[in-house]
Amino acid sequence: MAERRPNRYLGPGHDDFWAWCAKGELRLQRCGSCGKLSWPVSEGCEYCGSGALEWERMSGRGVIVSWASFVQDYYGGLLTVPYDTILVELEEGVLFTSDPLGFGADEIEAGMAVRLAFIDCEDEAGPFRLPVFERA
Ligand SMILES: [Zn+2]
């Protein structure tokens, strides 16, 4: 059953990101001008401003570099508190905020290896697949 989640950002660029997620692929934008990855989704490269961005598939491998447990209810009861959030450094070097799958904040150690997974979610715009990370 799909988990109800806060509404995603949608629109130019964001729609492409979620379409790749629906196919089970985590893709970020690589700049065709300077070669760097931009994240979050942008209409222009965060380093050089070029609009020549191409969607590149990430390996799905990374390590946890930071994490937090949220105890404050920011979403009107939509999410059950406390809930955990992790900051994953992708193998490609990008820092990606996500959810842990199958483990909690009390089990995390800095540098813990994780791999990409997807869970079925829904928001007011409909169903979507959320990129999360499980133990590698
Ligand atoms: Zn660039």
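What is the volume of the largest pocket? In this predicted model, the largest pocket has a volume of about 910 Å³.

**View 1. Lining of the largest pocket.** The lining comprises 27 residues, and W18, Y75, T97, D99 and L130 lie nearest the centre of the pocket. At least two lining residues come from each of α1 (14–22), β6, β7 (95–98) and β9 (126–135). β9 gives the most, with four residues. Sorted by class, the lining holds 17 nonpolar, six polar and four charged residues.

**View 2. Salt bridge between D99 and R5.** The closest N and O atoms of D99 and R5 are 2.7 Å apart. This pair links distant parts of the chain, 94 residues apart: D99 lies in the loop between β7 and β8 (113–123), and R5 in the loop between β1 (3–4) and α1. Both D99 and R5 are buried.

**View 3. Salt bridge between R8 and D123.** In this pair, the closest N and O atoms are 2.9 Å apart. R8 is buried, at 16% relative accessible area, as is D123, at 6%.

**View 4. Salt bridge between E134 and R115.** The side chains meet at 3.0 Å, N to O. E134 is in strand β9 and R115 in strand β8, 19 residues apart. E134 is partly exposed, with a relative accessible area of 24%; R115 is also partly exposed, at 42%.

**View 5. Nonpolar surface patch.** Y74, Y75 and L78 form this patch, with about 320 Å² of accessible area together. L78 lies in the loop between β5 (61–70) and β6 (83–90).

Notes: Residues are numbered from 1 along each chain as its sequence is written. This is a predicted model: local features need pLDDT of at least 70, side-chain atom pairs count only at pLDDT 80 or more; totals for chains, interfaces and linings use all residues. Side-chain values use heavy atoms; hydrogens and water are left out. Patches are made of residues with over 30% relative accessible area and no salt bridge: like charges are joined within 9 Å, nonpolar side chains (Val, Leu, Ile, Met, Phe, Trp, Tyr) within 5 Å. Accessible areas come from the Shrake-Rupley method with a 1.4 Å probe; for residues, only the protein chains shown count as cover. A salt bridge is a side-chain nitrogen of Lys or Arg within 4 Å of a carboxyl oxygen of Asp or Glu. On a 1 Å grid over the protein atoms alone, a cavity is a set of points where a 1.4 Å probe fits but cannot get out, and a pocket is an open set with protein on both sides within 12 Å along at least five of seven lines; lining residues have an atom within 4 Å of a point. Grid points are joined across faces, edges and corners, and a volume is the space filled by probe spheres set on the points. Ala, Val, Leu, Ile, Met, Phe, Trp, Tyr, Cys and Pro count as nonpolar, Asp, Glu, Lys and Arg as charged, and the others, Gly among them, as polar. Buried means under 20% relative accessible area, exposed over 50%, partly exposed in between (1.4 Å probe, protein chains only).
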